[in-house]
Amino acid sequence: MTKFESAVKQISASGERVYEVLTDLRNLEQVKEQLPADKVEITRLEQESIYLKVDLAGEVCLKLIEKEPYKTIKFGADKSPIPFNLWIQLVEKGAQDTRMKLTIKAEIPAMYKMMIAGPVKKFLEMLAEGIANFNFNEINT
């Protein structure tokens, strides 16, 4: 398993609010337009699944597989060329201050690791930045 981690990002919302929004993936409908369409496109949203078209990877489905209130949200990849899991880790520092880090663990064959590592890390940082910039307090749940 290869592990990739994003930088820690600050979110201006409570940990409870961030968790509440991110554990019902239908809430992301309100932010679809903020994604770079040439890199990733949300094609379908369900309560616990998100279907994406990802540049260089094709269609990927992420399913919510584990959650710990206000701390951790774990997704497993389904329909992905490379098996992986994605964790969202949350730590509330104050009433409107939550820190977040994303982690991907992927089964990347050794011969592809060097070729894939850069784009995966870039995608992870882009995703972390995008989540950190959501206005969680304005998303209707």
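The model is predicted, so local features are described only at a pLDDT of at least 70 and side-chain atom pairs only at pLDDT 80 or more, whereas totals for chains, interfaces and linings use all residues. Residues are numbered from 1 along each chain as its sequence is written, and side-chain values use heavy atoms, with hydrogens and water left out. The pLDDT is the predictor's confidence in each residue, on a scale from 0 to 100. Its average over the protein is 88, and 91% of the residues score at least 70. Helices (H or I, at least four residues) and strands (E, at least two) are DSSP runs, numbered from the N terminus. Confidence is lowest in strand β3 (residues 40-45), with a mean of 85, and highest in β2, with 97. Where pLDDT is low, the predicted coordinates should not be read in detail.

Because 6 of the 8 residues of α1 are buried, the helix is largely enclosed by the rest of the structure.

Arg17 lies in α1 and, at 15% relative accessibility, counts as buried. The side chain of Arg17 makes a polar contact of 2.5 Å with the side chain of Glu20. Such a contact is a pair of N or O atoms within 3.5 Å; within protein, one must be able to donate a hydrogen and the other to accept it, and residues adjacent in sequence count only if both atoms are side-chain atoms. The Arg17 side chain also reaches the backbone oxygen of Phe136, at 2.9 Å.

Aromatic residues come next. Rings of Phe, Tyr and Trp (its six-membered ring) pair if their centres lie within 6.5 Å; planes under 30 degrees apart count as stacked, over 60 as edge-to-face and the rest as tilted. By this rule there are 2 aromatic pairs. In the pair of Tyr19 and Tyr70, the ring centres are 5.5 Å apart and the planes stand at 75°, so the pair is edge-to-face. Tyr19 lies in helix α1 and Tyr70 in the loop between β5 (58-68) and β6 (72-78), so the pair ties together parts that are 51 residues apart in sequence. Tyr19 is buried, with a relative accessible area of 10%, whereas Tyr70 is partly exposed, at 39%. Tyr70 also has a positive phi of about 65° although it is not a glycine. Most residues other than glycine have a negative phi.

Glu92, found in strand β7, is partly exposed at 46% relative accessibility. Although Glu92 and Gly15 are 77 residues apart in sequence, their C-alpha atoms are 5.1 Å apart in space. The side chain of Glu92 reaches the backbone nitrogen of Gly15 at 2.6 Å. Thr98, in strand β8, is buried, with a relative accessible area of 0%. A polar atom of the Thr98 side chain lies 2.8 Å from the backbone nitrogen of Gly15, and one lies 2.6 Å from the backbone oxygen of Ala13. Beyond neighbours within four places in sequence, Thr98 is in contact with residues including Lys9, Ile11, Ser14, Leu90 and Glu92.

Helix α2 (residues 110-133) has 24 residues and reaches 34 Å from its first C-alpha to its last, close to the expected 34 Å, which is 1.5 Å times one less than the number of residues. This helix bends by about 50° at Ile116, and Pro119 follows within four residues; the bend is the angle between axes fitted to the seven residues ending there and the seven starting there. Buried residues of α2 include Ile116, Val120 and Leu124. Among the elements that cover the buried residues of α2 are β1 (2-5), α1 (15-22) and β8 (97-106).

Finally, Lys3 sits in strand β1. A polar contact of 3.5 Å joins the side chains of Lys3 and Glu5.

Notes. Buried means under 20% relative accessible area, exposed over 50%, partly exposed in between (1.4 Å probe, protein chains only). Contact means heavy atoms within 4.5 Å.
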